[in-house]
Amino acid sequence: GTPASAASASELLELARDAGRRGDSAGQVAALDRLLASDPRHVPALIQRADCFAAAGDTRSASSFYLTAIRSAPQSGVSHELAQELARARQACDRY
């Protein structure tokens, strides 16, 4: 994508994280859905969206989003933070 879309993706991700910290699950989901509409393979957003489904008790959707995140992630060169998130996503898939 262009640098402008990358900036808006990171802004939306930050919006979603802030909403989640405040307990505003509707705001978190709205920000993540906007981000994923423009970038369906945005791995951190996919994992956060899966977390939202899991928190709501929708394990089938959560598992689907975790799997998409795992399949969309590059095989190497990911940050330590993202590698930890992907490991957590794999564990969640094993649980569901």
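I started with a salt bridge: the side chains of Asp33 and Arg49 meet at 2.8 Å, N to O. Asp33 sits in helix H2 and Arg49 in helix H3, so this pair ties together parts 16 residues apart in sequence. I note that the model is predicted.

Arg49 has a relative accessible area of 9%, so I list Arg49 as buried. Asp33 comes out at 38%, so Asp33 is partly exposed.

Then I looked at how H2 and H3 pack. Their axes come within 10 Å and cross at roughly 145°. The crossing is left-handed. From H2, the contact uses Gln28, Val29, Leu32, Asp33, Leu35 and Leu36. From H3, it uses Ala45, Leu46, Gln48, Arg49 and Cys52. By class I get seven nonpolar, two polar and two charged residues.

Back to salt bridges: the count is six. I looked up Arg21. Its side chain meets Asp18 at 2.6 Å and Glu14 at 3.8 Å, N to O. Asp18 and Arg21 are three residues apart in helix H1, so about one helical turn separates them. Arg21 is exposed at 60% relative accessibility. Asp18, at 31%, is partly exposed, and Glu14 is partly exposed at 35%.

Last, I turned to helix H4, residues 59–72. Does its length agree or disagree with 1.5 Å a residue? Its 14 residues should span 20 Å, and the end C-alpha atoms are 20 Å apart, so it agrees. Buried in H4 are Ala62, Ser63, Tyr66, Ala69, Ile70 and Ser72. The buried residues of H4 pack against H3 and H5.

Conventions:
Residues are numbered from 1 along each chain as its sequence is written. This is a predicted model: local features need pLDDT of at least 70, side-chain atom pairs count only at pLDDT 80 or more; totals for chains, interfaces and linings use all residues. Side-chain values use heavy atoms; hydrogens and water are left out. Helices (H or I, at least four residues) and strands (E, at least two) are DSSP runs, numbered from the N terminus. The expected span of a helix is 1.5 Å times one less than its number of residues. Buried means under 20% relative accessible area, exposed over 50%, partly exposed in between (1.4 Å probe, protein chains only). Contact means heavy atoms within 4.5 Å. Axes are lines fitted to C-alpha atoms, for helices over the stretch in contact, and angles run from 0 to 180 degrees between N-to-C directions. A crossing is left-handed if the near helix is turned anticlockwise from the far one by less than a right angle, and right-handed if clockwise. Ala, Val, Leu, Ile, Met, Phe, Trp, Tyr, Cys and Pro count as nonpolar, Asp, Glu, Lys and Arg as charged, and the others, Gly among them, as polar. A salt bridge is a side-chain nitrogen of Lys or Arg within 4 Å of a carboxyl oxygen of Asp or Glu.
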